[in-house]
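Please find below a note on the model under review.

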Amino acid sequence: MQLVVARIGRAHGVKGEVTVEVRTDEPELRLGPGAVLHTDPASAGPLTIETGRVHSGRLLLRFEGVRDRNGAEALRNTLLIAEVDPDERPDEPDEFYDHQLMDLDVVLADGTEVGRITEISHLPSQDLFIVERPDGTEVMIPFVEEIVAEIDLEEQKAVITPPPGLIDDRAEIASSRDEGGAPHGEDEDGA
């Protein structure tokens, strides 16, 4: 199975290094020296990683055969794709590869169907499940412990406990008014 593990960014310096946007939780495994990666577009690769280092918080890679800034810049926006055994699991029990989560049924704790995961969006602050509902609409579910209670790969489901308003528009609105309509601590005439 093929997984996107990084996207090549700008050239760095004049000796063929590039910045990469890492899209794997295991960069040391997938993006180490000697790794051979397929590419999208396919015409750019395959690429073999010659060296890698971190500079100012960014991963820099150099590929065999790429020796100057022009060669590095020609690779910009190329996706790096690793061949992964479909049965392989991450080291941590609460971590998952995207392909394991795709097409999982999303249900509430009481078993109510919410939809099916059609995409995982990796944002800087958190990951999101894009869930297609039975009516064809989409809802975004943050992949955080407070909302995603369980991932059951055997049953092919994700159990969620969403806060009010996340999956429907019946949000509970907190109000500073009591049932009589006046703000707390005041009577009806505002005194």
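The numbered points below begin with the basis of the analysis.

1. This is a predicted model, in which local features need pLDDT of at least 70, side-chain atom pairs count only at pLDDT 80 or more, and totals for chains, interfaces and linings use all residues. Residues are numbered from 1 along each chain as its sequence is written, and side-chain values use heavy atoms, with hydrogens and water left out.

2. The largest nonpolar core comprises 22 residues, and those with the most contacts inside it are Ile8, Val20, Leu31, Leu61, Phe63 and Leu80. Such a core is a set of buried Ala, Val, Leu, Ile, Met, Phe, Trp, Tyr and Cys residues joined through side-chain atoms within 4.5 Å; buried means under 20% relative accessible area, with a 1.4 Å probe and protein chains only. At least two residues of this core come from each of β1 (2–12), β2 (17–22), β4 (47–55), β5 (58–63) and β6 (79–83), and β1 supplies the largest share, five residues. Strands are DSSP runs (E, at least two residues) and helices likewise (H or I, at least four), numbered from the N terminus.

3. Apart from this core lies another, of 18 residues, including Leu101, Val114, Ile147 and Ala158.

4. Leu61 is in contact (heavy atoms within 4.5 Å) with Gly16, Glu17, Val18, Val20, Leu31, Ile49, Thr51, Gly52 and Leu80, leaving aside its neighbours within four places in sequence.

5. With β12 (residues 157–160), β7 pairs in the parallel sense over four bridges, and Leu108 stands opposite Ile160. β11 and β12 run antiparallel, joined by four bridges; here Ile151 stands opposite Ala158.

6. The largest pocket holds about 930 Å³ of space. A pocket is an open set of points on a 1 Å grid over the protein atoms alone, where a 1.4 Å probe fits, with protein on both sides within 12 Å along at least five of seven lines; lining residues have an atom within 4 Å of a point. The volume is the space filled by probe spheres set on the points, which are joined across faces, edges and corners. Of the 29 lining residues, Asp25, Phe96, Asp98, His122 and Asp127 are the closest to the centre. β11 gives the most to this lining, with four residues.

Note on methods:
Buried means under 20% relative accessible area, exposed over 50%, partly exposed in between (1.4 Å probe, protein chains only). Two strands pair if DSSP finds at least two bridges between them.
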